[in-house]
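My plan is to look things up one at a time and write down what I find.

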Amino acid sequence: LFQQAFELSKDQPEESEALYLKLGKAYQVNENFPKAGICFLNAANLADERSNAPDRALGFAQHSYQSWLAISDTLQMANLKKYTGLLHGKLEQFDAASADLDTARLWYTELAYPQGLAVTDFNEAQVLFLRGELKLAQGAFMKAQRFWRTEGDFSRVFINNVFGYRLFTR
């Protein structure tokens with residue numbers, strides 16, 4: 001069924017989202033929290049990116065977070081806080097966005113995971129942009145870009161520049 005949900009995501013995102021939710025709930029009942037977390041996150045990504053429904057995506061992402069919390073997987077918990085921070089920003093819930101991004105940053109620092117910090121900086125740039133704080137957004141964006149350039153990950157630099165263009169031409 002997981003493969004079916006993946007295949008549906010290409011042309012039928014709503015059906016895929018529903019199937020991921022069904023699978024996530026079944027995995028949760030069976031205490032397979034990693035698979036539940038992945039399914040809920042996939043549903044969140046579809047709601048956010050394909051249906052432009054950040055409110056629905058936030059609920060699914062919070063279910064995913066609870067799955068990772070159940071097994072104390074700090075890396076995945078940080079990944080979800082980084083994502084829910086962005087979703088809160090899209091919903092103009094800026095205090096909640098800042099709190100989640102701060103939590104992600106703290107955990108990535110404790111885990112010595114600089115890639116997570118860089119993505120958190122990028123998400124923070126997007127939230128600050130939505131908040132209208134362009135100078136702060138530009139600083140967070142440039143911090144993330146410097147990291148990816150130093151790492152030689154130019155695919156990240158290129159993808160992030162799509163947002164950077166909007167940020168610096170506003």
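I started with Asn52, which sits in the loop between helix 3 and helix 4. Helices here are DSSP runs (H or I, at least four residues), numbered from the N terminus. Asn52 is not a glycine, yet its phi is positive, about 50 degrees. Most residues other than glycine have a negative phi. I also looked up the accessibility of Asn52: at 65% relative accessibility it counts as exposed. My cut-offs are under 20% relative accessible area for buried, over 50% for exposed and partly exposed in between, with a 1.4 Å probe and protein chains only.

A note on what I am reading. This is a predicted model, in which local features need pLDDT of at least 70 and side-chain atom pairs count only at pLDDT 80 or more, while totals for chains, interfaces and linings use all residues. Residues are numbered from 1 along each chain as its sequence is written, and side-chain values use heavy atoms, with hydrogens and water left out.

**Helix 3 and helix 4**

Two packed helices are described by the angle between their axes and the distance between the axes. The axes of helix 3 and helix 4 come within 8 Å and cross at roughly 165 degrees. That makes helix 3 roughly antiparallel to helix 4. For the terms, axes are lines fitted to C-alpha atoms, for helices over the stretch in contact, and angles run from 0 to 180 degrees between N-to-C directions. Angles under 35 degrees count as roughly parallel, over 145 as roughly antiparallel, 65 to 115 as roughly perpendicular and the rest as oblique.

The crossing of helix 3 and helix 4 is left-handed. I noted that left-handed means the near helix is turned anticlockwise from the far one by less than a right angle. Among the residues that meet are Phe33, Phe40 and Leu41 in helix 3 and Phe60, His63 and Trp68 in helix 4. Contact means heavy atoms within 4.5 Å. The residues of this contact divide into 15 nonpolar, four polar and two charged. Ala, Val, Leu, Ile, Met, Phe, Trp, Tyr, Cys and Pro count as nonpolar, Asp, Glu, Lys and Arg as charged, and the others, Gly among them, as polar.

What does helix 2 pack against? Its buried residues pack against helix 1 (2–11), helix 3 (33–50) and helix 4 (54–70). The buried set in helix 2 includes Pro13, Tyr20 and Gly24. I checked the length too: the 17 residues of helix 2 (residues 13–29) should span 24 Å at 1.5 Å a residue, and the end C-alpha atoms are 24 Å apart, which agrees. The expected span is 1.5 Å times one less than the number of residues.

Glu31 follows helix 2 and lies in the loop between helix 2 and helix 3. Glu31 has a positive phi of about 60 degrees although it is not a glycine. At 59% relative accessibility, Glu31 counts as exposed.

**Helix 5**

Helix 5 (residues 74–90) is mostly covered. I found 13 of its 17 residues buried. Glu92 follows helix 5, and its phi is positive, near 60 degrees.

**Helix 7 and Asn123**

Asn123 is in helix 7. Buried or exposed? Asn123 is buried, with a relative accessible area of 7%. Beyond its neighbours within four places in sequence, Asn123 is in contact with Lys82, Tyr83, Leu86 and Leu101. I picked out Leu86: it is 37 residues from Asn123 in sequence but 5.7 Å away in space, C-alpha to C-alpha.

Helix 7 (residues 114–131) also meets helix 8. Their axes come within 8 Å and cross at roughly 155 degrees. That makes helix 7 roughly antiparallel to helix 8. This crossing of helix 7 and helix 8 is left-handed.

Helix 8 (residues 134–151) and helix 9 (residues 154–168) pack at about 165 degrees, with axes 10 Å apart. That makes helix 8 roughly antiparallel to helix 9. Helix 8 passes helix 9 in a left-handed crossing. The contact residues divide into ten nonpolar, five polar and two charged.

My last stop was Asn160 in helix 9. Asn160 is buried, with a relative accessible area of 4%. Not counting residues up to four places away in sequence, Asn160 touches Phe122, Phe141, Gln145 and Trp148.

Notes. Helices (H or I, at least four residues) and strands (E, at least two) are DSSP runs, numbered from the N terminus.
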